[in-house]
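Please consult the sequence and the structure shown here.

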Amino acid sequence: MDHLPRAVTDFVGREDVVSRLVAETRRVEERVPAVHIIDGMAGSGKTTLAVHLARQLSVGYPDAALFIDLCGHDEKNRVEPASALATLLRQLEVPAGHVPVEFAARVELWRRELADRRSVIVLDNAASSEQILPLLPTDPTTVVLVTSRRRLSHPSVGPSQTLPTLTTPESVDLLALSVGRERVDAEPEAAVEVVRRCGHLPLAIRLAGARLAHRRGWRLADLAEQMAGATAALRHLAGEESTVTGAFAASYEPLPESTRRVFRFLGLYPGASFGPSAVAALTGLSDAEAREALDDLVDRNLVEDLDSTRYRLHDLLRQYSVELCSRTDSASDRRLGLAQLFDFTLEAALRAAETLEPGVTRFHVTRVPFGRPELVKGIGEPTADWLETERADLVTMVLSASESGFPEHSWRLARALWRFLYIRGYFEDIIKTHRPALTAAEATGDVEAMALMNNYLASAYVRTGDNREALFHLTRAVALARDSRDKVNTARYSANLAAVYWWGGNLTEAVAVGMECLRDYKVYGNIRVPMVLPNLGIALTSLGRYEEALRLHRLHLMWARTNSDIFHTLNALSHIGAVRVRMGDLPQAIRILLASLALRDRTGHRYAEAEVRNDLGIAYRGLGRLVEAQQEHEVARELSISSGERHVEAAALNELGRTLMAQGRGGDASELHQEALRLATRISHPYEQGRALAGLAEHSARVDRAEARRYWERALAIFRRMGVPERFEAEGRLAELGDKAADTGR
């Protein structure tokens, strides 16, 4: 797993720094993780040194080489520790569904994954000690290299290594790698003068060398003379951070105007990296013209080539570009460029979104006319993989569109991204995009868009366990749709509201909302398969109202079959099988559940397979087929972890625990119920909390009746509050324990 940037070919010097850091690593690596912080001024070569050192150390740490830009220099786009952990875990090939939502659990998983590997990590552009501390390992299997413009100091990591500028010999060697050793040897004094005018700053030297390399007719003395003539530039090159601007100007000015305009407009690009097609959209050039300009900028070291398809600006170059653009180009031209970029991005995102939910996105988002389809073709076929590659920039685009006065683009792009972010488990990104998108929708006064954004915000809050926020936004979505007399969306959002109530343990309210949705039959004349049917059916099943639930799920199946909807057909079969399990009709339940799985296998639909497997395991357990039951629960648990469905994982843990208890493995069962209790508590899922407590009570009853009674009392309190049938079992067991305690007392 090598995620390090490509090493530069002109790395020179720094032998003392490299030797010192390698020696320090060897000194501590058997006892603690080696953490090195490298700070210094912009352009001093911090990242270059860190990557060079990381590659050198990776020989002894071969399992993973990770890299992340923390964007500490940019407050708006600064990467928070939680997001950084998600990215790093994905670099370790941890599936998105396995990445915990809770920050503490995410840190724990990160450190546990590192403990099993010998890894080297580069945390680039850190803003502060607080930003990096959660990212640091605890086991002596990892080397961490942190770069920062600021001098960081914390007891956990020790002092920073401040990177100085190059020595004169190192600077000349660096220049020789750019322009050729023979040219430097021919004019040694001029070479020394050039690097001196560059302030021995690697970035400035490379910029100067690039000018010479592309001008074979120039002597080094010619460049030294020009630099001497540009007093303002030389003064900057000799001083603080602003001196780098002079070096940028020396490289920028020789460019043809068309390329200079591209460079200036790159400062408008909201994301961290960009492709040629996006640049073409931003600047109004053809794809070929944009690529040619980027190649020229790469040659002049004004743009960094990441992998020949993605490019980025150094952060200082970006600032310089923004300054130039604001000074040179009119506000109307800048706005036009952003409009073209947002049009292109939205078009590409919508095409990718339609591969994930055909027809649905078009129904919600009216396309903004985009007259340059060839640019979208230039990025290849937009797919989920394209969305994964572009995710960070697309999220930033939503924010930028909202802040830049393009509210329509903001909420439309957020909606286009929703399904991808949801199925990949990027719930934090849903919140990050849909909050500003909601503000953007409100700015437009588009009530339908406002309701839509509230609805999808709620979806993320539900998955992250924040039922209060989920209920707030979904209630708002329902109210907006109802006030605008939008019956179809009122029904959709109300159906979702029933699910939120069920999730939070408020089954009575879930049923009340669901029943209210069903009262107006005309609403459903415009909906093929009303989602309230399965949601209401699930709530009724939890309350033990099995016959009513069965009627709703059969109606769901009828709607699905009438409309030839395979997804809803297999979903309805799953729910019917689940009700049959709880009614005790186990052979028929197994046949229905197996039919649902067979339909999934035939069509490739995997939605809710974990729940089906779990129900199948319950049925097998009821028939005494305990080995098969255990297998189904274990598969259900694995699938739920993979999909990030934590409520299903809690249910699978509880059912697996009950099956192991039936096998006489009480200790193992108790551990599973404890795990289910922790998970259900974390996500505020009272039903599985109660069932976990009941499972713990069953085990404790054999060894400690007083403890068992305490567990049963806690479970009973939850079951009574929810009104579920399990309360009768809890009451019976409490009475049984009470009688036995009385007998023992006599």
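G664 follows helix α33 and has a positive phi, near 85°. The model is predicted: local features need pLDDT of at least 70, side-chain atom pairs count only at pLDDT 80 or more, and totals for chains, interfaces and linings use all residues. Residues are numbered from 1 along each chain as its sequence is written, and side-chain values use heavy atoms, with hydrogens and water left out.

**Helix α33**
- Helices (H or I, at least four residues) and strands (E, at least two) are DSSP runs, numbered from the N terminus.

**Strands β2 and β3**
- Strand β2 (residues 64-69) is largely enclosed by the rest of the structure, because five of its six residues are buried.
- β2 pairs with strand β3 (residues 119-126) in the parallel sense over six bridges (pairing requires at least two DSSP bridges).
- S119 in β3 is the bridge partner of A64.

**Cavity**
- The structure holds one cavity of 30 Å³ or more (a set of points on a 1 Å grid over the protein atoms alone where a 1.4 Å probe fits but cannot get out).
- The largest cavity has a volume of about 90 Å³ (the space filled by probe spheres set on the points, which are joined across faces, edges and corners).
- Its lining residues (an atom within 4 Å of a point) include D10, F11, R14 and R206.
- α2 (46-57) and α9 (202-213) are the elements that give two or more residues to this lining.

Terms used
1 Å grid on protein atoms, 1.4 Å probe; cavity = no way out; pocket = protein on both sides within 12 Å on 5 of 7 lines; lining within 4 Å. Buried < 20%, exposed > 50% of the residue type's maximum accessible area, 1.4 Å probe, protein only.
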